[in-house]
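I set down what I looked up, in the order in which I took it.

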Amino acid sequence: MIVRQNMVAVALRPDIGFWKYVMVDSSSMDIKGVETAAYLAFKEKLSGQSPSDDDKWVLEVDLGAFRRGLPHMRRTKTIGQGVDFLNRHLSSSLSRDPANGGINGSLFQYLKTLTYAGSPLMLNGKLKSHFELWNALLQVEKMFDTMDDETPYSEISDDLQLLGFEPGWGNTVARAKDTMNLALNLLEAPDSVRLFDFLSRMPNMFNVVILSPHGFFGQKDVLGKPDTGGQIVYILDQVRALEKEMCTRIDQQGLEIKPQILVVTRLIPDAKGTTCNQRLEKINGTTNAQILRVPFKQKNGEVLQQWVSRFEVWPYLERFAEDATKAVTAELHRAGHGENPDFIIGNYSDGNLVASLMSHALGVTQCNIAHALEKTKYNDADINWKSMDDSYHFGCQFTADLIAMNTADFIITSTYQEIAGQPGHVGQYESHNAFTMPGLYRVTSGIDVFDPKFNIVSPGADAEVYFPYTQEDKRLKKFHSELKELLYGSPEKGKSVGQLKSKDKPIIFSMARLDRVKNLSGLAEWFATNKRLRKLVNLVIVGGVVSPEDTTDHEEKEQCIKMHEIINRYNLDGEFRWLVAQKDPVRNGEMYRIIADTGGAFVQPALYEAFGLTVVEAMTCGLVTFATDQGGPVEIIEQNKSGFNIDPYHGEAAAELMADFFEKCTKEKEHWNEISKGAIERISSHYTWKIYAERLMTLSRVYSFWKYVTTLDRQESRRYLEMLYHTKLRPLIADVPEAVNQPSANQSG
């Protein structure tokens with residue numbers, strides 16, 4: 001609601017994803033509906049930043065105009081199920097369109113495009129139409145009826161090649177028979193389910209590029225550094241799961257191809273004791289996946305030596321995209337994998353923008369993962385963008401998000417909440433549908449949550465690292481003495497603050513980056529002001545630095561100072577311990593389990609959390625979990641069964657809920673065990689990397705097919721977005737100052 005003089009403007013949300021705008025004249029009580037643009041213009045007046053009458057022409061960004069005639073969902077319950085809707089809609093449409101042979105002709109033409117390193121897969125040039133394909137499949141069907149199902153495809157490949165077939169159908173007669181039977185059924189009577197199953201078997205995903213430019217991207221001693229947290233863990237676990245799934249599918253296809261995954265990030269010469277100054281680094285737990293690092297370059301061509309905040313990367317991304325594209329194609333060619341990737345995945349605002357640039361240059365299917373869109377983290381960040389721009393450069397970020405999300409072929413999110421929120425909370429993507437940035441532009445239709453490009457694919461936790469505390473045979477007891485010293489030892493300058501007096505009380509525990517949104521200082525204050533909770537439990541916080549002088553990140557410094565103020569104001573020593581970020585994920589996994597041994601809990605107090613990977617990790621270990629109700633954890637946790645959701649904006653109530661729980665546990669010993677078991681069961685059935693990898697690989701194949709056979713590449717909107725990139729984003733980026741280059745202590749080699 002916006003009030004100005006006698007006028008009231010109201011934004012109504014009758015249902016998730018649906019908005020109406022009305023104006024009320026309080027003097028006459030007249031009510032009238034208004035268009036989105038009129039509401040946004042009124043909002044600008046309230047901020048005092050509306051254009052003058054002499055400058056009334058404001059750029060209105062309306063991407064909805066380009067969606068007319070494209071498949072579009074209408075039910076809130078189907079949001080995030082884009083591929084299912086798209087498959088049903090388009091297979092039906094193509095079946096009714098005989099112009100190019102309908103879906104049969106489209107499928108035939110697509111199969112002819114499948115190659116690897118210049119060699120054809122599935123079909124060769126002998127077959128000229130889908131009619132010839134039909135007849136050839138019938139001929140092979142009879143041939144297969146006389147063969148043993150376990151016969152390797154390699155033994156019959158020469159005979160099948162003469163009929164027009166190339167490898168890729170399967171590794172045995174049984175597998176090839178199933179795949180060809182799916183093709184026959186599709187050619188005879190197309191339907192969406194068979195098409196989905198058939199496309200999921202396509203041999204078209206061998207080279208994958210994953211983009212994550214910001215932060216210290218490495219495998220050791222990086223967690224807890226600025227801008228370096230859950231996204232790194234997510235991607236490394238993602239890579240291991242994807243490689244396993246790709247290898248499984250390639251083997252089932254009967255091909256002898258080693259998949260290649262390249263995680264492209266920034267090379268940082270001043271690596272601060274990490275491997276971030278190494279150009280290539282093999283990813284542990286994989287056979288053929290690597291981190292490929294490309295430096296940021298200044299306008300004068302010099303390599304930027306030091307880390308820069310994720311909010312300061314904008315001057316470097318366009319050059320980085322060009323250099324990264326060259327590095328990727330060169331690396332794939334050197335390794336004998338062809339030259340172009342088959343699939344590109346962007347991460348966060350910077351990685352998604354680079355993915356858009358690379359995908360456009362190479363003509364490759366693009367998937368975006370936001371992790372977190374900053375617009376939802378900062379209240380009124382759009383209307384107040386100018387006042388915040390010196391610190392956060394939201395003008396660049398929100399424009400980049402708008403461009404990248406609309407150029408992506410599909411978008412995956414970890415939860416429904418990310419896309420569309422809840423009845424009482426707007427989703428982070430939904431908030432990008434209509435907003436205004438006074439003096440820059442108004443968005444009347446930006447990101448549409450009903451777009452079938454949205455799909456929910458939830459990640460898991462590394463099963464080798466995170467497992468239930470009850471699995472004693474797997475416990476990492478070699479860490480126990482040092483972890484207990486870490487939790488209960490004396491304060492150590494620069495490493496820990498405070499010492500726990502009682503080792504008998506349960507520990508409530510939180511681990512995250514030390515920034516405003518993660519709200520670790522908020523948790524400390526909830527604890528500090530609740531006498532009952534302080535009597536029942538100890539609090540341990542792991543995050544960031546414990547000395548303000550040890551960080552150059554302004555937000556981390558502010559939160560560090562605030563934490564010290566809370567400790568001193570409430571005299572927390574003896575009940576509270578604060579540790580610097582712990583960077584060894586294997587040891588951190590055992591820390592979760594040691595906290596579980598105390599009968600404690602994990603608390604995730606974020607003001608907003610897109611997913612909540614640490615929530616999954618903690619619950620996997622059997623640790624009772626209290627997590628924010630602002631975002632993804634609402635879907636992960638079943639309230640009072642597998643954990644508890646808390647409102648971070650009502651800390652007193654959150655602290656009372658925790659105190660009630662631990663008080664009940666002192667009276668009912670089994671209560672803690674019941675919630676712990678519920679947490680383990682919830683994660684094992686819904687949140688694993690195997691499920692994730694299977695789903696993502698299938699999505700990549702299905703969207704690649706639909707991109708080829710339809711207009712889903714959206715050329716018209718792409719040209720419009722290119723205009724937005726050149727006329728708005730590039731000038732905004734030009735105003736972001738480059739970092740002052742610092743001499744590096746350890747140059748890249």
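I began with His 393, which follows directly after helix H11 and takes a positive phi of about 55 degrees. I note that the model is a predicted one.

I then looked up burial in H11, residues 385–392, and found Trp 385, Met 388, Asp 389 and Tyr 392 buried. These residues cover an arc of only 130 degrees around the axis, which puts them on the same side of H11. Ser 387 and Asp 390 are exposed on the other side of H11. I checked what the buried residues of H11 pack against, and listed H12, strand E15 (435–437), helix H17 (554–570) and helix H24 (715–734).

Next I took H12, residues 394–407. Its 14 residues, at 1.5 Å a residue, should span 20 Å, and the end C-alpha atoms are 20 Å apart, which agrees. I found 14 of the 14 residues of H12 buried, so this helix is largely enclosed by the rest of the structure.

I turned to strand E22, residues 601–604. Ala 601 and Val 603 point one way, Phe 602 and Gln 604 point the other way, and all are buried. In a regular strand the side chains alternate between the two faces of the sheet.

I looked up the pairing of E22 last. Strand E19 (residues 507–511) runs parallel to E22 and is joined to it by 2 bridges; Phe 509 has Phe 602 as its bridge partner. E22 also pairs in the parallel sense with strand E23 (residues 624–628), over 4 bridges, and Gln 604 has Ala 627 as its bridge partner there. From E22 the chain crosses through helix H19 (residues 613–620) to E23, and I recorded this β-α-β crossover as right-handed.

How values were computed:
Residues are numbered from 1 along each chain as its sequence is written. This is a predicted model: local features need pLDDT of at least 70, side-chain atom pairs count only at pLDDT 80 or more; totals for chains, interfaces and linings use all residues. Side-chain values use heavy atoms; hydrogens and water are left out. Buried means under 20% relative accessible area, exposed over 50%, partly exposed in between (1.4 Å probe, protein chains only). Two strands pair if DSSP finds at least two bridges between them. A crossover is right-handed if, with the strands pointing away from the viewer, the path from the first strand over the helix to the second runs clockwise. The expected span of a helix is 1.5 Å times one less than its number of residues. The arc is that of the directions from the helix axis to the C-beta atoms. Contact means heavy atoms within 4.5 Å.
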